[in-house]
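Dear colleague,

Please find the structure below for your records.

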Amino acid sequence: MINDFQTKGIGFRSLNDAIDTTIAQGRLVFNLFASLAEFERDLIRERTIAGLAAAKARGRIGGRPKGLSTEAQAKARAVKSMKALKTHTILEIGQLFHLSRATVYRYLAWQGEK
């Protein structure tokens, strides 16, 4: 962005720091800070990639666990059986199991272990 400003003849002067891109010293300081920031960003990226590779080599897989927990599977089966009986509405089933309406529908759509 600052480079675009410079091509248009617009200078940048920081009110809090001693950076003034209208003079050579200010451009030097600004470019040093920009280079350091880019270097730090690249280091973080490299460390993150190395950490993920090391975790993968140890058999770790990142991200959220797939599927439902054992407790949630039991609730899903109970929700499905109650819905199959047609004695309770979705709202009532949710209240009985302390679930939101969306979770009741998610449990009804759950296919189980294959």
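In what follows, two residues are in contact when they have heavy atoms within 4.5 Å of each other. Please note that this is a predicted model.

I begin with the loop between H1 and H2, where Thr 21 is found. Leaving aside residues up to four places away in sequence, Thr 21 touches Ile 2, Gln 6, Gly 11, Phe 12, Gly 26, Arg 27 and Phe 30. Thr 21 counts as buried because its relative accessibility is 5%, and buried means under 20%. Ala 18 also lies in the loop between helix H1 (2-7) and helix H2 (24-57). Ala 18, however, counts as exposed because its relative accessibility is 75%. The C-alpha atoms of Ala 18 and Phe 30 are 9.4 Å apart in space, and the two residues are separated by 12 residues in sequence.

The largest nonpolar core has 11 residues: Ala 72, Ala 76, Val 79, Met 82, Ile 90, Ile 93, Phe 97, Leu 99, Val 104, Tyr 107 and Trp 110. Two or more residues of this core come from each of helix H3 (70-85), helix H4 (90-97) and helix H5 (101-109). H3 provides the largest share, four residues.

The axes of H3 and H4 come within 11 Å and cross at roughly 145 degrees. The crossing of H3 past H4 is right-handed. On H3 the contact is made by Lys 75, Ala 78, Val 79, Met 82 and Lys 83, and on H4 by Ile 90, Ile 93, Leu 96 and Phe 97. By class, this contact of H3 with H4 has seven nonpolar, two charged and no polar residues.

Yours sincerely

Methods: Residues numbered from 1 in each chain as written. Predicted model: local features only at pLDDT ≥ 70, side-chain atom pairs only at ≥ 80, totals over all residues. Heavy atoms only, no water. Buried < 20%, exposed > 50% of the residue type's maximum accessible area, 1.4 Å probe, protein only. Core = buried A, V, L, I, M, F, W, Y, C linked by side-chain atoms within 4.5 Å. Axes fitted to C-alpha atoms, helices over the stretch in contact; angles between N-to-C directions. Left-handed = near helix turned anticlockwise from the far one by under 90°. Nonpolar A, V, L, I, M, F, W, Y, C, P; charged D, E, K, R; others polar.
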